[in-house]
Amino acid sequence: MAAEYPSMTLLSVTPDLVPALSALAIDSFTETFGHLYPPEDLEAFLRKSYAHDALLADINDPAQHWRVVLDDRGAAVAFMQCGKVGLPHPDARPDFEGELKRLYVHSSQQGKGLGKTLLSAAIDHMTERFGDAPQWIGVWSENHKAQAFYGSFGFHRVGEYQFAVGQTLDDEFILRRIPIGG
């Protein structure tokens, strides 16, 4: 499934796209959050989460839904992943509800509507898969821009938890959206 945007293409992630996805994920996470962590914690997290083999296992998991945006040169510039909710909230029901697990747009591509496109695609997928059940997102407590962005789509803070990046624990907020009719 491919969707066209001016000089951009939204694709399902296939094994041949994993190297580009891995490079983008490592670059985007490091660029956005790398300054927050000791180098050994950052390296451990990137290896566990965004190395080629880790991503290949994730995209081959039928419970995970991935999309990547390629620019007109074929370079990966944005991506998202969603699947069953895994956030530690007492109301979260993994067999019946979805979670946007990752959404990154490279800084060089921000402001072009790619985040909105990817979030809309994630919401559409979660609605298709889980119906009008609640939809979830975890977001860093200090990422006010992302919180406002998700809020504009109807996500509201309903809890908090700690997210491990190596040995560092980040304070995260749990956001939930109740679809119309839910």
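**Pocket first**

I began with the largest pocket and asked what lines it; E5 gives the largest share of the lining, seven residues. I kept in mind that this is a predicted model. In total, 48 residues line the largest pocket, and Phe33, Arg102, Leu103, Tyr104 and Tyr150 are the ones nearest its centre. I noted a volume of about 1300 Å³ for the largest pocket. Sorting the lining by class, I found 24 nonpolar, 13 polar and eleven charged residues.

Next I looked up the nonpolar cores. The largest one holds 25 residues, and Met80, Leu100, Leu103, Leu119 and Tyr150 have the most contacts inside it. I then checked which elements supply at least two residues each to this core: strands E4 (76–84), E5 (98–105), E6 (135–140) and E8 (168–177), together with helices H4 (114–130) and H5 (144–151). Which of them gives the most to this core? My entry reads H4, with eight residues.

Leu100 is in contact with Met80, Gln81, Cys82, Leu119, Ala122, Met126, Trp136, Ile137, Gly138 and Tyr150.

**Helix H4**

I went back to H4 for its length. Its 17 residues reach 24 Å from first C-alpha to last, close to the 24 Å expected at 1.5 Å a residue. The buried residues I listed for H4 are Leu114, Gly115, Thr117, Leu118, Leu119, Ala121, Ala122, Ile123, His125, Met126 and Phe130. After H4 comes Gly131, with a positive phi near 65°.

**Helix H1 and Ser22**

My last stop was Ser22, which sits in helix H1 (residues 18–33). Is Ser22 buried or exposed? Ser22 counts as buried because its relative accessibility is 9%, and the cut-off for buried is under 20%. Not counting residues up to four places away in sequence, Ser22 touches Tyr50, Ala51, His52 and Leu55.

For H1 as a whole, I wrote down Val18, Leu21, Ser22, Leu24, Ala25, Ser28, Phe29 and Phe33 as buried. I also jotted a reminder about spacing: an α-helix has 3.6 residues a turn, so residues three or four places apart point the same way.

Note on methods:
Residues are numbered from 1 along each chain as its sequence is written. This is a predicted model: local features need pLDDT of at least 70, side-chain atom pairs count only at pLDDT 80 or more; totals for chains, interfaces and linings use all residues. Side-chain values use heavy atoms; hydrogens and water are left out. Helices (H or I, at least four residues) and strands (E, at least two) are DSSP runs, numbered from the N terminus. Buried means under 20% relative accessible area, exposed over 50%, partly exposed in between (1.4 Å probe, protein chains only). Contact means heavy atoms within 4.5 Å. A nonpolar core is a set of buried Ala, Val, Leu, Ile, Met, Phe, Trp, Tyr and Cys residues joined through side-chain atoms within 4.5 Å. On a 1 Å grid over the protein atoms alone, a cavity is a set of points where a 1.4 Å probe fits but cannot get out, and a pocket is an open set with protein on both sides within 12 Å along at least five of seven lines; lining residues have an atom within 4 Å of a point. Grid points are joined across faces, edges and corners, and a volume is the space filled by probe spheres set on the points. Ala, Val, Leu, Ile, Met, Phe, Trp, Tyr, Cys and Pro count as nonpolar, Asp, Glu, Lys and Arg as charged, and the others, Gly among them, as polar. The expected span of a helix is 1.5 Å times one less than its number of residues.
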